[in-house]
Amino acid sequence: MSLLSFFDPYVKLLGRIHKSAADPNLPSELKPFYERPMPSGELSVWNVPFTSIDFETTGLDFDNDIVISAGGVSFDGPSINYETAFHTLLKVDGSKIKAQSAVINMITPEQLADGMDPREAMLKLMDRLSGGLVLTHCSTIEYHFLKKGLGLPENIELPMAFIDTMQIERYITANRPGVDLRLTSIRQRRGLPDYEAHNACADSIATAELFMVQSKELFRPRPPCVSEIYRRSH
């Protein structure tokens with residue numbers, strides 16, 4: 001390993017995933033997801049599994065709040081494959097729904113009563129995401145709620161690489177302090193169309209569209225490689 005790669009954030013991530021795969025505290029039902037190889041950092045992001053996701057939650061307290069819906073869409077090379085879009089409501093006890101979050105997300109307790117079992121939903125999501133790249137806006141939200149939903153200990157890494165459009169925008173606008181990093185605001189600055197915010201599927205698509213613009217700004221005319229874009233996200 002070269003000295004440069006030793007300090008590469010993506011190389012460090014791969015090391016944590018490898019270590020987590022051998023951890024005795026890793027639940028047995030999750031081990032198959034850790035057996036999937038992660039992509040080489042030198043590959044183009046358009047040549048590896050790449051999915052944009054979003055969670056709608058009752059709040060941002062990782063200990064006490066919960067996920068109520070998950071949405072996503074995958075890339076097909078340098079294009080968004082809208083046929084892969086999904087939106088899943090999770091079965092949640094209505095008493096756990098906060099009035100404020102219901103107003104924001106427009107998801108009622110009655111709708112969630114018929115949702116998917118939360119554990120099943122997270123396992124299904126792991127099957128879709130493991131071994132690839134996961135695009136989010138403010139990745140700490142999806143990262144921590146996914147770990148919570150899977151019951152993973154703090155020291156075990158998820159077997160995927162999170163790419164964060166908010167962090168990429170922070171990198172792009174580093175010389176402009178005070179820039180609004182909300183997804184809606186960033187899209188408006190880019191001239192991207194308005195969308196239905198606070199819907200998990202719509203947010204994931206909006207994030208995917210933004211990433212395509214950001215990647216061209218940073219790396220045109222060539223596509224970004226995995227390690228480059230991961231470094232801009234952390």
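**Burial, pairing and side-chain links in the predicted model**

Arg187 is buried, with a relative accessible area of 2%. In this predicted model, the residue belongs to helix 9. Leaving aside residues up to four places away in sequence, Arg187 touches Leu192, Pro193, Tyr195, Ala206, Glu209 and Leu210. The C-alpha atom of Arg187 is separated by 31 Å from that of Pro109, a residue 78 places away along the chain. The buried residues of helix 9 are Leu183, Ser185, Ile186 and Arg187, and their cover includes helix 8 and helix 10. Just after helix 9, Gly191 adopts a positive phi of about 75°.

Glu169 counts as buried at 1% relative accessibility, whereas Arg189 is partly exposed, with a relative accessible area of 34%. A salt bridge also joins the side chains of Arg190 and Glu217, at 2.7 Å from N to O. Arg190 is in helix 9 and Glu217 in helix 10 (residues 200–219), so the pair ties together parts that are 27 residues apart in sequence. Both partners are partly exposed: Arg190 has a relative accessible area of 21%, and Glu217 has a relative accessibility of 45%. Through salt bridges that share partners, Glu169, Arg189, Arg190 and Glu217 are joined into one network.

Over the whole structure, the search finds 9 salt bridges. Among them is the pair Arg36 and Asp127, in which the closest N and O atoms are 2.4 Å apart. This pair, too, links distant parts of the chain: Arg36 sits in the loop between helix 3 (31–34) and strand 1, and Asp127 in helix 6, 91 residues apart. Arg36 is partly exposed at a relative accessible area of 31%, and Asp127 is likewise partly exposed, at 43%.

Strand 1 (residues 50–57) has 8 of its 8 residues buried, so this strand is largely enclosed by the rest of the structure. In a regular strand, side chains alternate between the two faces of the sheet. In strand 1, Phe50, Ser52, Asp54 and Glu56 point one way, while Thr51, Ile53, Phe55 and Thr57 point the other way. The residues on both sides are buried. Strand 1 is paired with two strands, described here in turn. With strand 2 (residues 67–76), strand 1 runs antiparallel and is joined by 7 bridges; in this pairing, Thr57 stands opposite Val67. With strand 4 (residues 133–136), strand 1 runs parallel and is joined by 3 bridges; here the bridge partner of Phe50 is Leu133.

The second largest pocket has a volume of about 200 Å³. Its lining comprises 13 residues, of which Ile66, Val67, Leu90, Pro118 and Gly149 are the closest to the centre. Helix 6 (118–129) and helix 7 (139–150) are the elements that give two or more residues to this lining. By class, the lining residues divide into 7 nonpolar, 1 polar and 5 charged.

Two local features of the backbone remain to be described. Most residues other than glycine have a negative phi, and most peptide bonds are trans. Cys138, although not a glycine, has a positive phi of about 75°. Cys138 is located in the loop between strand 4 and helix 7 and, at 19% relative accessibility, counts as buried. The limit for that class is under 20% relative accessible area. The peptide bond from Arg220 to Pro221 is cis, with omega near 10°. Pro221 lies in the loop between helix 10 and helix 11 (226–232).

Note on methods: Residues numbered from 1 in each chain as written. Predicted model: local features only at pLDDT ≥ 70, side-chain atom pairs only at ≥ 80, totals over all residues. Heavy atoms only, no water. 1 Å grid on protein atoms, 1.4 Å probe; cavity = no way out; pocket = protein on both sides within 12 Å on 5 of 7 lines; lining within 4 Å. Points joined across faces, edges and corners; volume = space filled by probe spheres on them. Helix = DSSP H or I, 4+ residues; strand = E, 2+ residues; numbered from the N terminus. Nonpolar A, V, L, I, M, F, W, Y, C, P; charged D, E, K, R; others polar. Buried < 20%, exposed > 50% of the residue type's maximum accessible area, 1.4 Å probe, protein only. Pairing = 2+ DSSP bridges. Salt bridge = Lys/Arg side-chain N within 4 Å of Asp/Glu carboxyl O. Contact = heavy atoms within 4.5 Å.
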